[in-house]
Amino acid sequence: MLLGISGSLRAASTNTYLMRAAAKAYGGDTIEADLNLPLYNGDVEAKGIPAAVQTLADQIAQAEAVVISTPEYNKAISGVLKNALDWVSRTEGNPWLDKPVAIMSAAAGRAGGERTQFSLRLCLVAFRPIIINTPEILVAKSSEQFDAEGNLTNDFHAKQLDVAMTALRAAAR
């Protein structure tokens with residue numbers, strides 16, 4: 001089972017669309033993570049890990065691989081994604097350890113989220129996943145790359161997704 005994580009909560013998010021395109025290229029069963037979590041707060045944690053956070057940690061642990069698609073907000077990952085990473089780091093064990101992970105981004109700018117991917121790699125390194133490094137999936141001018149139903153229309157990016165998901169499947173075996 002593949003776990004898809006979009007760093008955006010917006011219903012028509014191009015990162016959610018990109019994550020779904022990656023899941024389709026990966027094949028098999030996919031679960032989409034819900035990052036609509038409470039803000040990390042040590043006082044909340046002292047009362048126990050919220051159920052939604054534990055569900056996310058369990059989904060990561062049970063997945064054979066993870067795809068993360070993140071927007072670029074002010075040169076870094078979204079607050080929603082950072083909050084989820086912070087919460088999961090507070091759960092028992094390390095669900096990310098040796099987990100094959102593909103990262104990608106869709107952004108309005110011409111670089112396609114290059115800085116957000118760098119930021120995400122920095123955040124993930126402490127968890128020690130296996131990050132699939134090639135090819136980089138950087139979808140620039142993302143609002144022009146998907147049709148009204150959220151399907152990826154750019155052949156170049158579709159081919160890159162196929163290569164990346166082949167590498168992710170190989171790492172998951």
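In which strand is P135 found? P135 is found in strand β5, and a cis peptide bond with omega of about -5 degrees joins T134 to P135. The model is predicted: local features need pLDDT of at least 70, side-chain atom pairs count only at pLDDT 80 or more, and totals for chains, interfaces and linings use all residues. Residues are numbered from 1 along each chain as its sequence is written, and side-chain values use heavy atoms, with hydrogens and water left out. Helices (H or I, at least four residues) and strands (E, at least two) are DSSP runs, numbered from the N terminus.

**Strands and crossover**

- Strands β4 (residues 100-106) and β5 (residues 130-139) run parallel and are joined by six bridges; strands pair if DSSP finds at least two bridges between them.
- Within this pairing, A106 stands opposite V139 in β5.
- From β4 the chain passes through α5 to β5, a right-handed β-α-β crossover (with the strands pointing away from the viewer, the path from the first strand over the helix to the second runs clockwise).
- A65 is found in strand β3 (residues 65-70) and counts as buried at 0% relative accessibility; buried means under 20% relative accessible area, exposed over 50%, and partly exposed in between (1.4 Å probe, protein chains only).
- The C-alpha atoms of A65 and L138 are separated by 20 Å, and the two residues are 73 apart along the chain.

**Aromatic pairs**

- The structure holds three aromatic pairs; rings of Phe, Tyr and Trp (its six-membered ring) pair if their centres lie within 6.5 Å, and planes under 30 degrees apart count as stacked, over 60 as edge-to-face and the rest as tilted.
- One of them is the tilted pair of Y17 and F146, with ring centres 5.7 Å apart and planes at 50 degrees.
- Y17 lies in helix α1 and F146 in the loop between β5 and α6, so this pair ties together parts that are 129 residues apart in sequence.
- Y17 and F146 are both buried.
- W96 and F127 form a stacked pair, at 6.3 Å centre to centre with 15 degrees between the planes.
- W96 lies in the loop between α4 (79-88) and β4, and F127 in the loop between α5 and β5, so the pair ties together parts 31 residues apart in sequence.
- Both W96 and F127 are buried.

- The largest pocket has a volume of about 280 Å³; on a 1 Å grid over the protein atoms alone, a pocket is an open set of points with protein on both sides within 12 Å along at least five of seven lines, and lining residues have an atom within 4 Å of a point.
- Of its 20 lining residues, the closest to the centre are E72, A107, A108, G109 and G113.
- Helices α1 (14-26) and α5 (114-124) are the elements that give two or more residues to this lining.
- The second largest pocket has a volume of about 240 Å³, a volume being the space filled by probe spheres set on the grid points, which are joined across faces, edges and corners.
- Its lining includes Y17, R20, E149 and D162, and α1 gives the most to it, with five residues.
- Helices α1 and α6 (155-172) each supply at least two residues of the lining of the second largest pocket.

**Positive phi**

- D98, in the loop between α4 and β4, has a positive phi near 60 degrees and is not a glycine.
- D98 is exposed, with a relative accessible area of 52%.
- K141, in the loop between β5 and α6, is not a glycine either and has a positive phi of about 45 degrees.
- K141 is partly exposed, with a relative accessible area of 45%.

Methods:
1 Å grid on protein atoms, 1.4 Å probe; cavity = no way out; pocket = protein on both sides within 12 Å on 5 of 7 lines; lining within 4 Å.
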